[in-house]
Every structure is written in C-alpha cells, then in structure tokens.
Amino acid sequence: DETAVLSRGYELSLLALALLLTPIGLIFALLASHLISLLYGDEYLGATASLRLLGVVVVAYGLNYMTVTTLTAHDRPGLFTRLLPTVAVLNIALSLALIPSLGATGAALAAAVSGAALAVLGMWQTRSVLGGIRVLRILAVPAIAGIGMTAAVLLTPGGLVVQLGVGVVAFALAA
C-alpha cells in the first residue's frame, strides 16, 4: 500500500532528524554555561537559561521542516500553514506574559513552547494525510538516547570538551 510506504518514510525521516538534532539540542541545554563562556565570555552567563531553552527549538525546527516538506510534497501545504496563526498567537501571548518578568529567558521559553506546539500539531496534520504515524516509535529512541546523554554529561566531571565527548558517545551508544 502506497500510503503505508509514505507514512513509514515520513516516520524514518523524522527519526533521522530527531537522532541528528537531539544531541545538538541537548548540548545547548546541558553545556550552555560552558558554551557561553567559551564563545562570549563569563559576562554573558546570564544567557544560560535562554540557550538551554533554545535547545528545544533546534529539535522542533527539524521536525517542523520535515513536516512542512512532506505536506508540500503531498500537495497539502495549507494544512501546515493553517497552524501558523494559532501558533503565532500562542507565541505572542506567551511573549507578552513572560518577557516582562523573565526577559530573554521568557522569549526563549515562548519560542520553545511555540516550536514544540507547532511540531506536535504539524505531525497531527500529517497523520490526516498519511494515515497512522507512530509518534511514540519516532521519538522513543532519541528520548532514550537523550536520557543516556544527559546522565553521562551530568555525571562526568571536567570541562566542555570532556563532557561533550562523553555525552555524544553516550547518545550514540544508547541510540
């Protein structure tokens, strides 16, 4: 059945992107202070929470890109673009609520929640075109590998290079 093949292809594409982008997002989240110190200096460590939250945006971006590409390839891009006003309103509302008290961290939180919401809604829309998409199957392996990477980084003493190396190896072994 052609629909089953297309559904499986979409699942595998999302899995590949999640396996590629999850460790990058986790590097932002887990090693934010090291990265900021290295790239910008200690005077910018106030941005640590923002960078941690933007790790979610890294993964959501890839999932959203594959979803909109898949829907466009099936001549249904409108299904994705219909989601954008809702997610834009969500982002604006969260920004208005969070930025006054949290500043850049509030903006990053609004972006992370909005990006994740768009990913979930986009996969739901794609499911209406391709049929059954097994989201749990797609996200289980990157989630388990991410837990392994997180544990490895948090349990490893040392600086950025050591923690980065151990974390990436742990992710690869767990995946």
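Contact means that heavy atoms lie within 4.5 Å of each other. The term comes up throughout this walk through the chain.

The model is predicted, with local features needing pLDDT of at least 70 and side-chain atom pairs counting only at pLDDT 80 or more, while totals for chains, interfaces and linings use all residues. Residues are numbered from 1 along each chain as its sequence is written, and side-chain values use heavy atoms, with hydrogens and water left out.

The protein chain has eight helices and zero strands. Here helices (H or I, at least four residues) and strands (E, at least two) are DSSP runs, numbered from the N terminus. Read from that end, the order of elements is α-α-α-α-α-α-α-α. The C-alpha trace spans about 55 × 40 × 20 Å along its principal axes. Among contacts between residues at least 6 apart in sequence, 71% join residues at least 24 apart.

Burial comes next. A residue is buried under 20% relative accessible area, exposed over 50%, and partly exposed in between (1.4 Å probe, protein chains only). Of the 175 residues of the chain, 37% count as buried. The accessible surface of the chain comes to about 9,300 Å², and 73% of this belongs to carbon and sulfur atoms. These areas come from the Shrake-Rupley method with a 1.4 Å probe; for residues, only the protein chains shown count as cover.

Some buried residues form nonpolar cores. A nonpolar core is a set of buried Ala, Val, Leu, Ile, Met, Phe, Trp, Tyr and Cys residues joined through side-chain atoms within 4.5 Å. The largest one has 14 residues, of which Tyr10, Leu14, Leu21, Leu63, Met66, Met123 and Ile133 touch the most other members. Helix H1 (2–30), helix H3 (48–73) and helix H6 (104–130) each supply at least two residues of this core. H1 gives the most, with five residues. A second, separate core of 12 residues includes Ile27, Ile36, Met149 and Leu160.

Leu14 sits in helix H1 and is buried, at a relative accessible area of 0%. Apart from neighbours within four places in sequence, Leu14 is in contact with Leu63, Met66, Thr67, Met123 and Ile138.

Not counting residues up to four places away in sequence, Thr22 touches Leu17, Val59, Pro142 and Phe171. Thr22 and Ala145 are 123 residues apart along the chain, yet their C-alpha atoms are separated by 8.8 Å. Ala145 is in helix H7 (residues 135–155) and is buried, with a relative accessible area of 0%. Beyond residues up to four places away in sequence, Ala145 touches Phe171, Ala174 and Ala175.

Gln163 lies in helix H8 (residues 160–174). From Leu14 it is 149 residues away in sequence and 27 Å away in space, C-alpha to C-alpha. Gln163 counts as buried because its relative accessibility is 10%. Its side chain makes a polar contact with the side chain of His34 (3.0 Å). A polar contact is a pair of N or O atoms within 3.5 Å; within protein, one must be able to donate a hydrogen and the other to accept it, and residues adjacent in sequence count only if both atoms are side-chain atoms. A polar atom of the Gln163 side chain also lies 3.1 Å from the backbone oxygen of Val153. Not counting residues up to four places away in sequence, Gln163 touches Leu31, His34, Val153, Thr156 and Gly158.

The last stop is the surface. Leu38, Leu39, Tyr40 and Tyr44 form a nonpolar patch there, with about 510 Å² of accessible area together. Patches are made of residues with over 30% relative accessible area and no salt bridge, with like charges joined within 9 Å and nonpolar side chains (Val, Leu, Ile, Met, Phe, Trp, Tyr) within 5 Å. A salt bridge is a side-chain nitrogen of Lys or Arg within 4 Å of a carboxyl oxygen of Asp or Glu. Tyr44 lies in the loop between helix H2 (32–40) and H3 and is partly exposed, at 49% relative accessible area. Asp75, in the loop between H3 and helix H4 (77–81), is exposed, at 66%. Asp75 has a positive phi of about 60° although it is not a glycine.
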